[in-house]
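Q: I would like to learn how to read strands, sheets and ring contacts in a model. Can we go through them one by one?

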Amino acid sequence: MDTSVSRPPAVELDGIAKKFGDVVALRSISLAVGEGEFVCFLGPSGCGKTTLLRIIAGLERQNVGVVRMASRDVSSFPPNERNYGIVFQSYALFPNLTVARNVAYGLETRRVPRGQIERRVDGLLELVHLRAHKQRYPAQLSGGEQQRVALARALAPSPSLLLLDEPLSALDARVRQALRLEIKALQRRLGITTIMVTHDQEEALTMADRIVVMNHGVVEQIGSPFEIYTEPSSLFVARFVGHMNFIRATACERPGWARVGSVELRHRPGLTLPAGSRLTLAIRPEEILIGPAARNGENRIVTRVCAIQFLGAFTRLGLALPGEAQPTLECDVAVNALAEVGVREGAELPLALKPEALRLFSDGG
């Protein structure tokens with residue numbers, strides 16, 4: 001018999017709702033975040049993700065619902081009693097304090113002995129590769145270095161939870177990419193439960209253990225990055241995460257088939273819709289087969305190459321389906337594979353749409 005006892009979630013949200021006047025920001029959000037887990041709240045501006053983070057932090061009060069940390073109801077607790085560290089987009093460093101004093105600030109306010117503070121600050125600055133800069137001031141640092149200082153300051157009091165509010169969005173692309181890897185590696189090393197707000201899907205896909213996709217104050221889908229990318233549960237998620245082709249179609253009499261113009265396509269099992277119902281088929285650009293791989297594939301269509309975009313590691317082809325007013329599909333092909341096919345603009349190109357890659361959505365989403 002298994003005698004192990006499962007540990008309570010590090011953070012548990014139960015029926016969280018929030019209104020600002022007549023504007024509904026959040027509608028009945030429930031979520032459990034495991035200890036040591038890295039969770040991203042992902043969604044467009046105005047979807048409620050930052051409001052939800054601020055409710056967890058105690059910076060906003062929900063109208064309805066409960067916030068628990070390690071099984072303790074903290075819904076009415078002020079921020080300083082919730083044991084978290086937070087990093088903002090704007091760094092929020094004290095410009096008149098050195099790097100070391102910025103990191104030490106939370107420890108000094110807690111009256112930690114000076115010797116302990118110095119050891120903790122040195123250890124954290126070592127972790128974020130800034131020990132050599134400890135006597136510099138924020139204005140003497142780059143944006144990426146300032147965000148590392150903000151991260152070290154948030155971790156200094158050894159919080160049980162780390163909250164990240166779009167921490168990388170003010171940085172340029174190369175620095176952002178490097179810091180993603182650093183923050184994820186640091187989070188794994190420390191084993192600290194982390195919740196990050198972002199509107200950047202690439203950030204969420206590369207950093208999170210689980211992604212919470214939000215839209216208009218509700219949760220659209222919760223899952224691993226792989227699940228969110230490969231199995232979007234709604235048209236919104238399919239459109240928001242990654243790149244996707246959408247094809248308007250009509251349900252056929254035989255189940256599992258849909259008509260696009262004069263062509264009938266077999267799609268993956270899913271919704272059962274009456275014949276004649278309008279629906280949307282969706283397929284990712286990298287899932288479309290061309291060249292030799294398409295010769296014996298199902299759902300074979302002859303298209304015309306109408307655009308060729310070189311994007312470095314791959315080339316994106318625009319492929320016009322036959323018939324008037326038909327959509328153009330985008331197909332991503334590795335450079336070496338493209339050379340084998342010998343694609344040129346205006347040429348006919350057969351392709352195959354694998355049935356298992358054709359996702360089905362009703363026109364209602």
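A: Start with a cut-off: a residue is buried if its relative accessible area is under 20%. Keep in mind that this is a predicted model.

Q: How many residues of strand β9 are buried?
A: In β9 (residues 210–215), 5 of the 6 residues are buried, so the strand is largely enclosed by the rest of the structure.

Q: Which strands pair with β9, and in which sense, parallel or antiparallel?
A: Strands of a sheet pair through backbone hydrogen bonds, in either a parallel or an antiparallel way. Here, β3 (residues 38–42) pairs with β9 in the parallel sense, over 4 bridges. Cys40 has Ile211 of β9 as its bridge partner. β10 (residues 218–223) runs antiparallel to β9, and 5 bridges join them. Val213 stands opposite Gln221 of β10.

Q: What do β9 and β10 form?
A: A hairpin, with 2 residues between the strands. His216 lies in the turn and has a positive phi of about 50°.

Q: What is the order of the strands in the open sheet of 5 strands?
A: The order is β15-β19-β16-β17-β18, with antiparallel pairing. β15 (288–290) and β18 (328–334) are the edge strands, each pairing on one side only. Neighbouring strands of this sheet are turned by 45° against each other on average, direction ignored. As one case of pairing, β17 (residues 314–320) and β18 are antiparallel over 7 bridges. Ala320 stands opposite Thr328 of β18.

Q: How many aromatic pairs are there?
A: Two numbers describe a pair of aromatic rings: the distance of the centres and the angle of the planes. The count here comes to 2 aromatic pairs. For Phe94 and Tyr105, the centres are 4.7 Å apart and the planes are at 50°, so this pair is tilted. Phe94 is in the loop between β6 (84–88) and α2 (99–109), while Tyr105 is in helix α2, so the pair ties together parts 11 residues apart in sequence. Phe94 is partly exposed at 29% relative accessibility. Tyr105 is partly exposed too, at 37%. For Phe236 and Phe240, the centres are 5.6 Å apart and the planes are at 10°, so this pair is stacked. Both residues are in helix α8 (residues 235–240), 4 residues apart, so about one helical turn separates them.

Q: Where does the charged end of Arg239 sit?
A: Over the ring of Phe246, 5.1 Å from its centre. Lys18 lies over the face of Phe20, at 5.0 Å from the ring centre.

Technical notes:
Residues are numbered from 1 along each chain as its sequence is written. This is a predicted model: local features need pLDDT of at least 70, side-chain atom pairs count only at pLDDT 80 or more; totals for chains, interfaces and linings use all residues. Side-chain values use heavy atoms; hydrogens and water are left out. Buried means under 20% relative accessible area, exposed over 50%, partly exposed in between (1.4 Å probe, protein chains only). Two strands pair if DSSP finds at least two bridges between them. Axes are lines fitted to C-alpha atoms, for helices over the stretch in contact, and angles run from 0 to 180 degrees between N-to-C directions. Rings of Phe, Tyr and Trp (its six-membered ring) pair if their centres lie within 6.5 Å; planes under 30 degrees apart count as stacked, over 60 as edge-to-face and the rest as tilted. A charge sits over a ring if NZ of Lys or CZ of Arg is within 6 Å of the ring centre and within 35 degrees of the ring normal.
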